[in-house]
Structures are given as C-alpha cells and as structure tokens.
Amino acid sequence: MSATAATLPTETTHRRSAWSLLKSTGPAGIAAAAVIAIATLVAIFGSLVAPFDPTTSDLSLSWVAPTGGHLLGFDGQGRDLLSRLLAGARTSLLGPLAVVILCMLAGTILAVTAAWRRGAVDAAISSGLDIMFAFPGILLAVLAAAVFGAGLLAAAIALAIAYTPYVARVLRGAALKERSQQYVSALEVQGASATSICMRHLIPNMLPLIVAQSTILFGYAMVDLAAISFLGLGVQPPNPDWGVMISENQPGIFQGYPLSALLPGLCIVLVVVAFNVLGERLFEQAQKARQ
Amino acid sequence: MSASIPAGATATAQSRTDAPLLEVDGLTVHLPVEGAQRDVLRDVSFGIRAGEALGLVGESGSGKSMTARAIDRLLPDGAEVEGAIRFEGRDVGTLAGADLRAFRGRVAMIFQDPRAHVNPVRRIGDFMTEALRTNLGVPTSTAERRAVHMLAQVGIDDGERRLRQYPHELSGGLLQRVMIAAALLTEPRLLLADEPTTALDVTTQAEVMAILHDLRREFDLAMLFITHDLELAAAVCDRTVVMYAGQIVEVRSSALLHGDPLHPYTAALAAARPDIGQTSRRLRAIPGRPLSAFEAPPGECAFAPRCPHVVDECRAGVPDIVELDGGRSRCVRARELRGRLGVSSDG
Amino acid sequence: MAEAAPVLEVSGLRKEFGELVAVDDVSFRVPAAGSLAIVGESGSGKTTVAKMIVGLERPTAGTIVACGNDRSKPARSTSDRRRRGGEVQIVFQDPYSSLDPRQTVEATLDEILRMHHGWPKDRRRQRVLELTELVGLDARQTRALPRGLSGGQRQRVAIARALAAEPRVLILDESVAALDVSIQAQVLNLLADIRDETSVSFVLISHDLAVVRQLAEETIVMWRGRVVERGATSRVLDEPQDDYTKQLRASVPRPGWKPQRRLVAAADEEG
C-alpha cells in the first residue's frame, strides 16, 4: 500500500485505437510502418506499375548501367532491374507471410492448449516441441525440396514447421501467466467453456506478444526464404524474387557490376529491419499500456 | 520514556535525552509520474529519539513508504528532494561512499516482502553476513557466529542449519524473522520497518512484534514502524504519526490516539474499522477514496472533500500544523474539535 | 431453526495434494439468507475449501450440495457448469487480476448476462445499469476499463459480476483484505446492503476477525485442514474454547495489547 504512481487511475477509459498505438511508437516506429506499407503496396501492385516486363531478356544488354527509362539498369540476363525488383516484391513478401500465418496459428493453438490443460497434456506438448526444436529451418526446407521438389510452398511449410516450437515456447509462458489470473478463474466459476475463455479472453490478452512475435518472425522468414531461393530450392528462376535475384546476379559482383545483386539484398534488409523495429516498439507500447 | 545507555555506545555529538536520533525537517519529494514531476510528500517533519518507537500510519497515497525510502536514500531515479533529513546530527542527503555505507550500518531497513529483497540463489548465511564482512571487515567465522546468535534471539534455534539454507526453503514468517536478525547484526541505532507484518498471518505478526519489542529493549533500538493498521501502530509504538495525501495530519502519543485524536481523519480512520468486540449495523465509512499528494485539491486541506467537520476556512489554504496537548494536528479546527473526535464520542 | 433446506451443505470434505492433507473432514451448512465465516491463517485449508465449492478444485472425498444439487464431482457439460454458476459465485481477493484488462465494466457484465440469461440487448443493458447502481458505480465507471478504476471500484465490479449470475450463495474469499481501511468499510457496508436486498447467503473466507464479526453470523475456525471450533460468531470471538482460537483472538492488536510469542505453532513454520 505504498504511494506509487500506479494507484492513480488514468484518463483512458477506452482501448487505444491502432493509430494512436502507432503514433506512440515514436518516429522510428512510424518510419518502419511506412516502409512496410510501401513494401506491401509494391507487393500488390508492383507488376502493374513496373515500367518494363520483368521477364523480357536481352542478353546484349547484360549488366548495362542505368540509362534512358531504365532507372536502375539491367541485370545479368539483360532484364530491367527496377521492374524485377518491383515484381519480385510479391513472392518475397508473400512467402514470409504464409510462413508467419502458419506457424503463429500452430504455435498459438499448441501453447494455449498446453497452458490451459496443464499437467500431462502440457508435458506431452512440451516434449513434442523439444523434438521439433532439433530440426533447423533450412535443413527441413532442403528435405522438403528433396521430397516434394523445389518451390515456394514446400519451403514455406517447412519453415513454418521449424518455427512453430519457438512460437509455442514463447506463447506458452504468456498463456500460463494469463491463465493464472483471477479473472480466468472467475469466468470458469461462471460456467464459461474453455474454448470461449481462450478465444475471447486469453488470446486477446496475449495479442501484444503475438503481434511482436509475428513481426520478428516475418523478418527471419524473409531471410531464410531468400537463402532457400538463393540455394535454388525455393522460388525458381526466371521468376523475379529478391532471393533469387541475389543468386542469379552474384557473378556480377566479381565482374564489377554489383548493383543487380546488392539492390535486392538492400530491399530485404530494409523490410526486415522495418519489421523488427516496428515489432519491438509495438510490444513495448502494449506492455506499458497494460500496467 | 528515558533509555539507559548501553555499554560500549559511542559518544556522539549530541546529548542522548534531548536531540533526536533522527530528524526529518520539511521533507518534500517530487517524483516523475507519467512524464510530469508530481508531489508525493509535502513538508513532512518529525523526530525520533534514541530507543523510541514511532508509528507511521496511512492508507494508499499517504506517502508513508516514500518517507522511509527518503530516509534510507532509496528513492527512485528522478526524485527531487527538498528539506533535510538528519541522523545523529548529520545531513543524510550529503553522505557518500564510506560514510553512506557506515550510515547504512546504523540505520537498518526491513520490508513487507522479504523475498523481493533477498537473492534467491545465495544462502541465508551469505546474505546475513555480507554487511559484516564487506563493510566492517569482520572475519567470516566470527560473522557466522554472530548470525547464529542473532537467529536464536529471533526464535530460530537451529541457526547453523538455517545459515546453509536458501530463501525459498523458508516460510514467509521465518524469512521475515531472518531479515530482522540480519538487520540487527550491524548493531543499528534505528530500524525502519516498512509494513513488516502486513503479509504475515496475525499470529505470526504477534510473534514478530513480540520479538521486535524484546530486541528493541535489549539493543536500545529506535524504530520507525510503517503500517496501514492504526490499532497495531497504537499498540506497539510510543507515538504515532498519521499521514494523508503526502502530509502529516497528526502526531499523537499512542495512548491518547484512540480516545482523544486531534484530527478528523484519524478519528474517521479509527471509526471505519469494524469492531471485533461487537457487530454494528453499518460501519461509519468515509465517503470518497484516499488521495496521493498530487491528486489532492491544491490550496486547501487535502481531507476537506471527505471530512465530516469541514467548514469554509478549511478551503482557504493548506492548514498549518497546530501544537496541542503534546501532540500536533494539521487542522484549522483542531482546538475547537478537541475532545469531540474520539471513538467513544458519537459521530 | 432448520425448517428450510440449507442453500449450501458440505459434508466430510477432504482434499489431498499428494502426501499433504490440505482439508480434513470439514462439514458445515449455510441456511438461506445466512452468513458463515471460515476463519483461518495460511495453511488452514480455508481457500481450498472455497475452491472445491466453486469447482476449481476437485474434492478427494466428501460431498458438496448447493441449492439441492450435488456438486461433489466436476461438472459434466457446459450447461451443467453454467447452472452451477447460477447457484454459487465467488469474489476473489486481488482487485488487480480479477478483471479482464481489455474489457470495460459494461462488456464484462454483459458477457455474464448473455451466458446465464437469453435476454435481448435492451433487457441486458437495463440489468447492467441495475447491477452497477446496486454496487455504487456511476456511468463513467461503468464505461471504463479496469485500469481506469481504483482497487475498491474493481472489487465492486467483481461483486456485480458475481451477482449478475443471480447466485444463492456468494463466497467472499478475502475480498476486502487488499483494500484500504476506509474503502474496506464502504465495501463491507455494500455487502451488508446487498444481503438485505437480495437475501443471498454469504460464505466469508477471512483471517480478519473484526471483518468476520461485522459480516458473519456463524463462524467455523480452521487450523491445518480441520475445523477446530464452530458456533455463533459472537460466541466464538468472545468466549473461544479451542487453544488455537484463543491464540488467534489474543493476536489481534488493540490498545494496551502486549504481543506474546506463540504457543501453538503455525502450519507453515517448518522448513
């Protein structure tokens, strides 16, 4: 009963709007959100906006520097670099999105089930997760490519499986904490079903953590998928994809034409950093608001 | 209540009977709260004599814990302090380095939740002897012997075994007794006790209070006893200070506190408590809720919005402290209401 | 005086956690519109008894009958659980975790009403207003999130939520222990008012003897899982028979009190 600031009731009586939450993340957070928004727009409309056909190839124009309407020049196969970057955004962002959706779903279900049932069910799920931890993402993706053939879908599913134990482990802690709150017991005594408590109360109260995890995982998935495509096991050339572009244009670095390999790399870095920054800030803000 | 001088007490600059051991003078503290600097303590002044037990009573926002922290130099970052705190004649705020460590040896503090103040991965023995070994250079075996002896004083007989245990192996009551023993090892002159028994069972509380009473007499230890429990403070302390919204509203000898309080808040607080001896139809509840210093309406008596004896004059300005019958009251109507506030009189 | 059947009857209740016997042969009954206090300290088993009554713990042995329905075994179906929720409700101790931080008071109460009654929206809104008025919350507080409310206000919401199910028995598990003295008095008065208006029965779990005196007509004292004394509250407190009860009574601070080192060891004082 000491005189701490926490005893003062705050003015806010309504849940914050998304916009005010975003504003509270500061200039870095807003900049990151802007980058993500632009990347999303490019992913959706990129191929429409691209000035040239990203797949038209003219070998005589290989590695040519920016000239005329070709603002970034040409890649090793004589294709317009800018158009390929714009068109490549789609698979570069869609892939990680699929991974994040899959692993967050699986991870949340496992974590909440383990936390709600506790006891033997929790032990069984935790052991299962421990086994899954043994398989690194890239390894699973290589296996998937060997079994199902190279391609984005198989790689994405493989990564989702590899990420699930991390998600479940982190969320399980938050779920356990939430489950031990007295309002959950109060709802149980009222006669609410486990499902309705988990869906309506438990998971919404874990939302800050879920959102933060998603943004961070998006970054990791993007890098891992780019690496997989770089290895030739994900998106196949000649499809524009930032990971593939790094791979295809790698020889250009040694020949003195680094632009076509570096620019897709830069795009990846920019988007991944933006996701990380936004994710961290959102999480911080949500934690503060919770106090 | 005069205290006898124990053998070996170091001669200090002031005489024992007159100058207070601890003097808090106009203490005002501002803390950063949600971006702005806000008052949490306003003009707090009191003294504790050697060997005296002073109770500090208040509800949420009263500032009682903050006062103890200010004395022990444990305020959070960003705190601004005005006024002075003097211990054995020296200004506590200016102490640094070795002086500060020596001060901490002479003023010990125990807290409400002992587990939050002890390292769970260190043994009890390590924790207890640390101050002796590090600050006073006492060899480990001697420190441990003293620790075992002190544990026996707090009623823990198998001291050697306890020294080797970890905090989680002890119950809350036991751990609190260990904390008291640890606090007393450096032979402090003053014990700051911040709600030490609030989290304990009432029978354990009685035992801990009995232990504190015995130890205080044996070591001539002064105590600042912080609690929300008016009855407890009045029962175990010589004098009681009542705080509200970061200010002192009453200082009174404990024997007179219930029968003849000097401030309407003290009377209301006592009356709000259910009586263990009889059931009453309804309790005399105080409307509204207790405020922090920065929530209180400025420029008037902080208790005015909730006071049953409020008049216009109460809102004219923050009331000054009035000396009355050996006690003090921050009420403009203190003299007028004298004798009419007691629990025995009907409200 | 037992013409009507008791709303709550507990018989031979026992709970074991592995080797530890937390509750041992506890029996009591609560009449309609009655009030019973279960007094004890840590390790007494009183909270475990409360949890078994509301179904958060499963008894190892013994029976619990509320409103004529046996609830000694866990509920079989959701509708069964719901029905039990309409018989016995509970208000917990901690105001800071007893409300979903993302739900306004309105939404919290509305959810409970939807769960128990198939009423249309208007009727529910009306009832939410009645409940908030009953517990002394104003319009602003009703629209607020928990973080906009003080501890005392949150406990009022918890009480309103429990009453929304229209239970016959309300278990108060140290429900005022975490509140400031002046707020505690308000809430105790509120609870007394509610009993007058709705004839709900109280089971008060508490270690605070003064609060027990104020709110409960009958008392049982628990120590290390067993009932050591029972009777009218005034008799138990004024003329305790059992040694533990005497010690408990003697430990309450009052003017002139001289704390004594204990005679009967506490349940948790080993290690």
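How many residues of chain B are in contact with residues of chain C? In this predicted model, 38 residues of chain B are in contact with 36 residues of chain C, contact meaning that C-beta atoms, placed from the backbone, lie within 7 Å. Local features need pLDDT of at least 70 and side-chain atom pairs count only at pLDDT 80 or more, while totals for chains, interfaces and linings use all residues. Residues are numbered from 1 along each chain as its sequence is written, and chains are lettered from A and ligands numbered from 1 in the order in which they are written.

**The side of chain B that touches chain C**

The helices α6 (172-184), α7 (202-219), α8 (230-236) and α10 (264-272) of chain B each supply at least two residues of this side. Helices (H or I, at least four residues) and strands (E, at least two) are DSSP runs, numbered from the N terminus. The largest share, nine residues, comes from α7(B). By class, this side divides into 17 nonpolar, 11 polar and 10 charged residues; Ala, Val, Leu, Ile, Met, Phe, Trp, Tyr, Cys and Pro count as nonpolar, Asp, Glu, Lys and Arg as charged, and the others, Gly among them, as polar.

**Strands of chain B**

Strand β3(B) (residues 53-57) is largely enclosed by the rest of the structure, because five of its five residues are buried. A residue is buried if 20 or more other C-beta atoms, placed from the backbone, lie within 10 Å of its own. A53(B), G55(B) and V57(B) point one way from β3(B), and L54(B) and L56(B) the other way. Two strands pair if DSSP finds at least two bridges between them; the table lists pairings in chain B.

| Strands | Sense | Bridges |
|---|---|---|
| β3(B) and β8(B) (222-227) | parallel | five |
| β3(B) and β9(B) (239-244) | parallel | four |
| β1(B) (22-33) and β2(B) | antiparallel | nine |

L56(B) has I226(B) in β8(B) as its bridge partner, and L54(B) stands opposite R239(B) in β9(B).

Four strands of chain B form an open antiparallel sheet in the order β2-β1-β4-β5. Since β2 (36-48) and β5 (90-91) of chain B stand at the edges with a single partner strand each, one side of each is left without a neighbour in the sheet.

**Helix contact in chain A**

Helices α3 (residues 81-117) and α8 (residues 194-205) of chain A have axes that come within 12 Å and cross at roughly 115 degrees. Axes are lines fitted to C-alpha atoms, for helices over the stretch in contact, and angles run from 0 to 180 degrees between N-to-C directions. In α3(A), T108(A), V112(A) and W116(A) meet A194(A), C198(A), L202(A) and I203(A) in α8(A). This contact has six nonpolar, one polar and no charged residues.

Notes. Contact = placed C-beta atoms within 7 Å. Buried ≥ 20, exposed ≤ 12 C-beta atoms within 10 Å, placed from the backbone.
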